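Subject: Structure handover

Hello,

Here is the structure I promised to send. Please open it before you read on. My notes follow below.

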Amino acid sequence: MLRPKIPTMPTPTGIATPPAVVEPTTITPSTTPPPATPTPVTPSRPTVQLTPGTALALIGGGTAMVLVVGAVLVSVLLAVAITGASLAICAVVIRSLVHADAKRR
């Protein structure tokens with residue numbers, strides 16, 4: 001019936017040139033001296049010290065952030081659930097209307 005054509009390898013025409021020969025190069029070691037080790041730089045800004053009040057503020061801020069993000073995620077999940085339920089109710093009503101219309105005919 002339908003048979004695919006299998007491509008054949010064409011034969012080379014003309015004079016084929018041999019590949020170029022690559023000769024290895026020698027590696028000469030470097031004569032420059034190794035670089036000197038840099039001196040350590042002291043930090044110019046002071047270290048951060050947490051007081052008990054600052055620690056409590058950070059903990060309170062983190063807790064508030066977690067609660068806000070959780071409330072947003074729960075509200076999005078609730079919106080998706082309500083949308084899904086309303087679509088399911090609409091589908092049942094439309095199905096019953098189509099089924100009732102088919103019975104009449």
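A word on terms first: patches are made of residues with over 30% relative accessible area and no salt bridge, and nonpolar side chains are joined within 5 Å. One such nonpolar surface patch turned up, made by Val68, Val72, Val76 and Val80. The patch covers about 340 Å². Val68 sits in helix 1, which runs over residues 52–104.

Please keep in mind that this is a predicted model.

Now the overall fold. The protein chain has one helix and zero strands. How does its radius of gyration compare with that of a compact globule of 105 residues? The globule would come out near 13 Å, but the protein chain has 39 Å. Along the principal axes, the C-alpha atoms fill a box of roughly 95 × 85 × 10 Å.

Next, the surface. What share of the 105 residues counts as buried? The figure is 0%. The accessible surface of the protein chain is about 11,100 Å². Carbon and sulfur atoms account for 72% of that surface.

One residue outside the helix is also worth a look. Thr37 lies in the segment before helix 1. Is Thr37 buried or exposed? Thr37 counts as exposed because its relative accessibility is 71%, and the cut-off for exposed is over 50%. Thr37 and His99 are 62 residues apart along the chain. Their C-alpha atoms are separated by 87 Å.

Best wishes

Conventions:
Residues numbered from 1 in each chain as written. Predicted model: local features only at pLDDT ≥ 70, side-chain atom pairs only at ≥ 80, totals over all residues. Heavy atoms only, no water. Patch = residues over 30% accessible without salt bridge, like charges linked within 9 Å, V, L, I, M, F, W, Y side chains within 5 Å. Areas by Shrake-Rupley, 256 points an atom, 1.4 Å probe, with all protein chains shown as cover. Salt bridge = Lys/Arg side-chain N within 4 Å of Asp/Glu carboxyl O. Helix = DSSP H or I, 4+ residues; strand = E, 2+ residues; numbered from the N terminus. Rg over C-alpha atoms; globule rule 2.2 N^0.38 Å. Buried < 20%, exposed > 50% of the residue type's maximum accessible area, 1.4 Å probe, protein only.
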